[in-house]
Amino acid sequence: MCGIVGYVGEKKAQGFLVSGLKRLEYRGYDSAGVVTVSDDGEATLVRAKGKIAELEKKLSGLKRDDHVGVGHTRWATHGEPSELNAHPHRAGKIYVVHNGIIENYKELKDTLPQHDFKSETDSEVLAALIDSFYQDGKYELVDAVVQALKLVKGTYGIAVVSELSPDELVVARSGSPLVIGVGNNETLVASDASALVGHTKRAIYLNDGEVAVVRKDGIEVKTLNAEPVSAKVEEIETNLAAIQKGGYEHFLLKEIMEQPNSLAETLRGRVNVKEGTVHLGGPGLSEAELRKIRHLIIVGCGTAYHAGMLASYYIEQFTSEITVEVVIASEYRYRQAYIPDGTVALIVSQSGETADTLACLREIKKQGVRTVGIVNAIGSTIAREVDGGTYVHVEPEISVASTKAFTSQVIAMVMFGLTIAQAKGVRNTVLRPYVEEIAGLPEEIGRVLDAVNGDVKEIAKRYAKYEHAIYLGRDTAYPTAMEGALKLKEISYVDANAYAFGELKHGPLALVDDRFFEVALVPEGALYEKSVSNVQEVLARGGHMVVITNVSEFDLPVECVVKITTSVRLFAPLLMNLVMQLLAYYVTVEKGYNVDQPRNLAKSVTVE
Ligand code: F6R
């Protein structure tokens, strides 16, 4: 979603601001802007609708030497994508970039008749409000910001610069992330640490309710109530290679192909094949606490929700002593759900910033329930607010569609389930097969990717003409099919939906005709024959089917079969998901759409 960058230092601010905004492009946006202020207080504000390339065109004749400035990529919420609605917003002598939503902006706007509003945004209201306290420099900028923020209801990450103090930025956060990069004679600001990679490895992550005055050689952090905060400087672990395409045409393909390594990172130090056990330190639960767990709530959105669904099928197999409930965060946050004693909540999020998931975490914590994060982004809000957690360690996902995070989220949750089962004394003979398969998965994923890549690319050519798709599966293959359908729909805009095979005759079978193609997951196992019968039902109605299976004898006359040769049984759906990820990728390439930045979507959904 929206992105913020800021710079104060000895170099030209414009360089970092534009390159930083480019790093944040993956988050999704529809307009962009920067303002820089010269040492003698002259501001240069440039904004453009559309891509950063448009902004660069406008900036090309305006190369400035200014040493301070802020920039923004906007993902429209209040008001259409346009130059006037783009940030930074000006009020008097100040310029504001804002992520989040000011919920009471209408009331606040009524109190600001002196400001000539140019945009439809809530963010300009915030700028005008700060200016009303600043009074053209009568008060300190930071004090004006604090006064204004005390009146605001909603969420914000902001960076403010003034023509009257071109040696500082004021930044603040509540509900929208802000990171301050500590450099040598320069300080950088961003809403996402990836913008800082390559500039500095040292960062301060602001907490909600904190405001900071940022200068090239110092950072002062305090709360909105003026209590000083001794901010912790943390290390940024991401390296440049992780946020570059590394020879691939698209980030999505790179991220799909990275899965052998990314999953190996998730497993590092956590699996003991010899003993047939797993060990997770992060959740911070003692053996006694683990033994008391009777119920898990898994909370997530989109792909993270699907990962939770899939993991729940496995966790239920370990012991009947745990029930698992998987919930969509945007729904759960408003439900009056009863949470039984002995519950632990798993909060699943790649970005660690998803607004609905974060809101659930806070609601659940209020009820005294122990929370465990399954998060990728280190230092993210969810990672900081959970009681304990397991990072999946897959490095950043830049492509909007989530791939490598899904695989690792599933396995991280399964490992948490195994940890509980171990503590409850479930026999090693029951758990060991899962542990052994998990340990071998990274290598197997690499093998399968190599084996199927070429075939899937060809298959995609055949199916790229369809506008509708049905994904089908039973048992663990059902949530996997849900994830497959989401991947196809979000990047190729094909209307793809998943159904449990057993649900076919209850409605979806009526859809089967020449406008649709079907993707069916048919894994080996107790329900294999039932899935085969369902495939026959679709075939009998003239379905255009792609079957993904690990059963070498599968011989029904469907249009395409992708056979996965593997010793993996329990986690075969995760391997089938690789085929679906590649299918979504190649169909999208065939259709000529923007693979990494699908329309209307943002990587990190920080608003409801
Ligand atoms: C789909 C996708 C989204 C995210 C969802 C949750 O490919 O990426 O559905 O999974 O927005 O995001 P996180 O995991 O960051 O909370």
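This is a predicted model: local features need pLDDT of at least 70, side-chain atom pairs count only at pLDDT 80 or more; totals for chains, interfaces and linings use all residues.
Residues are numbered from 1 along each chain as its sequence is written, and side-chain values use heavy atoms, with hydrogens and water left out.

**View 1. Packing of helix H9 on helix H13.** Helix H9 (residues 302-318) and helix H13 (residues 404-423) have axes 8 Å apart, at an angle of about 30 degrees. Helices (H or I, at least four residues) and strands (E, at least two) are DSSP runs, numbered from the N terminus. Axes are lines fitted to C-alpha atoms, for helices over the stretch in contact, and angles run from 0 to 180 degrees between N-to-C directions. The crossing of H9 past H13 is right-handed (near helix turned clockwise from the far one by less than a right angle; left-handed if anticlockwise). Residues in contact (heavy atoms within 4.5 Å) include Ala307, Leu310, Ala311 and Tyr314 in H9 and Val410, Met413, Val414 and Gly417 in H13. By class, this contact of H9 with H13 has 13 nonpolar, five polar and no charged residues. Ala, Val, Leu, Ile, Met, Phe, Trp, Tyr, Cys and Pro count as nonpolar, Asp, Glu, Lys and Arg as charged, and the others, Gly among them, as polar.

**View 2. Packing of helix H7 on helix H13.** The axes of H7 (residues 259-267) and H13 come within 9 Å and cross at roughly 30 degrees, which means that H7 is roughly parallel to H13. H7 passes H13 in a right-handed crossing. Gln259, Ser262, Leu263, Thr266 and Leu267 of H7 meet H13 residues that include Lys404, Ile411 and Met415. The contact of H7 with H13 has five nonpolar, five polar and one charged residues.

**View 3. Packing of helix H4 on helix H5.** H4 and H5 (residues 141-151) pack at about 125 degrees, with their axes 8 Å apart, and are therefore oblique to each other. The crossing of H4 past H5 is right-handed. H4 contributes Leu126, Leu129, Ile130, Phe133 and Tyr134, and the H5 side includes Leu141, Val145 and Gln147. Eleven residues of the contact of H4 with H5 are nonpolar, one is polar and none is charged.

**View 4. The largest cavity.** A cavity is a set of points, on a 1 Å grid over the protein atoms alone, where a 1.4 Å probe fits but cannot get out, and lining residues have an atom within 4 Å of a point. The largest cavity has a volume of about 110 Å³; grid points are joined across faces, edges and corners, and a volume is the space filled by probe spheres set on the points. Of its 15 lining residues, Cys2, Trp75, Thr77, His98 and Gly100 lie nearest the centre. Strand S6 (94-99) and helix H4 (122-134) each give two or more residues to this lining.

**View 5. The second largest cavity.** This cavity has a volume of about 30 Å³. Its lining consists of Val456, Ile459, Val519, Val546, Ile548, Val562, Val579 and Leu583.

**View 6. Backbone at proline 88.** The peptide bond from histidine 87 to proline 88 is cis, with omega near 0 degrees. Proline 88 is in the loop between strand S4 (68-74) and strand S5 (89-91).

Conventions:
On a 1 Å grid over the protein atoms alone, a cavity is a set of points where a 1.4 Å probe fits but cannot get out, and a pocket is an open set with protein on both sides within 12 Å along at least five of seven lines; lining residues have an atom within 4 Å of a point. Angles under 35 degrees count as roughly parallel, over 145 as roughly antiparallel, 65 to 115 as roughly perpendicular and the rest as oblique.
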